[in-house]
Amino acid sequence: MSTPSLLFFAGLAVAMVYCYLGIRRQWGPPWRVAAVGTALCAIAMSLVLATNNNADPLLAVVYGVPLGAVLAIVTIIAALYFTRQSARAASQYDDGPA
């Protein structure tokens, strides 16, 4: 991997962390955090693929956008799952006898 590719890969990691923490910490409405995070991941993955040696820019976009979106969606699903699990655990302790 070239240096620019590694930098864009780090950007992809930051975008995935944004997706996860944005959902878990409720930085905004979940749909907005998901939309921004998915767009960032799709762009970052396309740039990672485009900056590899001997890369075709059109194929980088064709493969990078769906792959980045899938990574973001999996990250968002994990964040939503853990958010709901912690909310369920918190409500279980709130409903118990006092």
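Q: What makes L58, L59, V62 and Y63 a nonpolar patch on the surface of this predicted model?
A: Patches require residues with over 30% relative accessible area and no salt bridge, and nonpolar side chains are joined within 5 Å. L58, L59, V62 and Y63 form such a patch, and together they have about 420 Å² of accessible area.

Q: Why is L59 called partly exposed?
A: The class between buried, under 20%, and exposed, over 50%, is partly exposed. L59 has 40% relative accessibility, and therefore counts as partly exposed. Its place is in helix α3, residues 57-94.

Q: Why does T83 count as buried?
A: The cut-off for buried is under 20% relative accessible area. T83 stands at 19%, so it counts as buried. T83 also lies in helix α3.

Q: Which residues does T83 touch, not counting residues up to four places away in sequence?
A: T83 touches I23 and R24, where contact means heavy atoms within 4.5 Å.

Q: Why is A72 called buried?
A: The relative accessibility of A72 is 0%, and buried means under 20%, so A72 counts as buried. A72 is found in helix α3.

Q: What is in contact with A72, leaving aside its neighbours within four places in sequence?
A: The contacts of A72 are C19, G37, T38 and C41.

Q: What makes the span of helix α2 close to the one expected?
A: The expected span is 1.5 Å times one less than the number of residues. Helix α2, residues 30-50, has 21 residues, for which 30 Å is expected, and its first and last C-alpha atoms are 30 Å apart.

Q: Which residues of α2 are buried?
A: The buried residues of α2 are V33, A34, G37, T38, C41, A42, A44, M45, S46 and V48.

Q: Which members of the largest nonpolar core touch the most other members?
A: Of its 13 residues, these are L12, C19, I23, C41, M45, A72 and I76. Two or more residues of this core come from each of α1 (3-24), α2 and α3. The largest share, six residues, is given by α2.

Q: How do you know that C19 touches residues beyond four places away in sequence?
A: Contact means heavy atoms within 4.5 Å. By this criterion C19 touches V33, G37, T38, C41, A72, T75 and I76.

Conventions:
Residues are numbered from 1 along each chain as its sequence is written. This is a predicted model: local features need pLDDT of at least 70, side-chain atom pairs count only at pLDDT 80 or more; totals for chains, interfaces and linings use all residues. Side-chain values use heavy atoms; hydrogens and water are left out. Patches are made of residues with over 30% relative accessible area and no salt bridge: like charges are joined within 9 Å, nonpolar side chains (Val, Leu, Ile, Met, Phe, Trp, Tyr) within 5 Å. Accessible areas come from the Shrake-Rupley method with a 1.4 Å probe; for residues, only the protein chains shown count as cover. A salt bridge is a side-chain nitrogen of Lys or Arg within 4 Å of a carboxyl oxygen of Asp or Glu. Helices (H or I, at least four residues) and strands (E, at least two) are DSSP runs, numbered from the N terminus. Buried means under 20% relative accessible area, exposed over 50%, partly exposed in between (1.4 Å probe, protein chains only). A nonpolar core is a set of buried Ala, Val, Leu, Ile, Met, Phe, Trp, Tyr and Cys residues joined through side-chain atoms within 4.5 Å.
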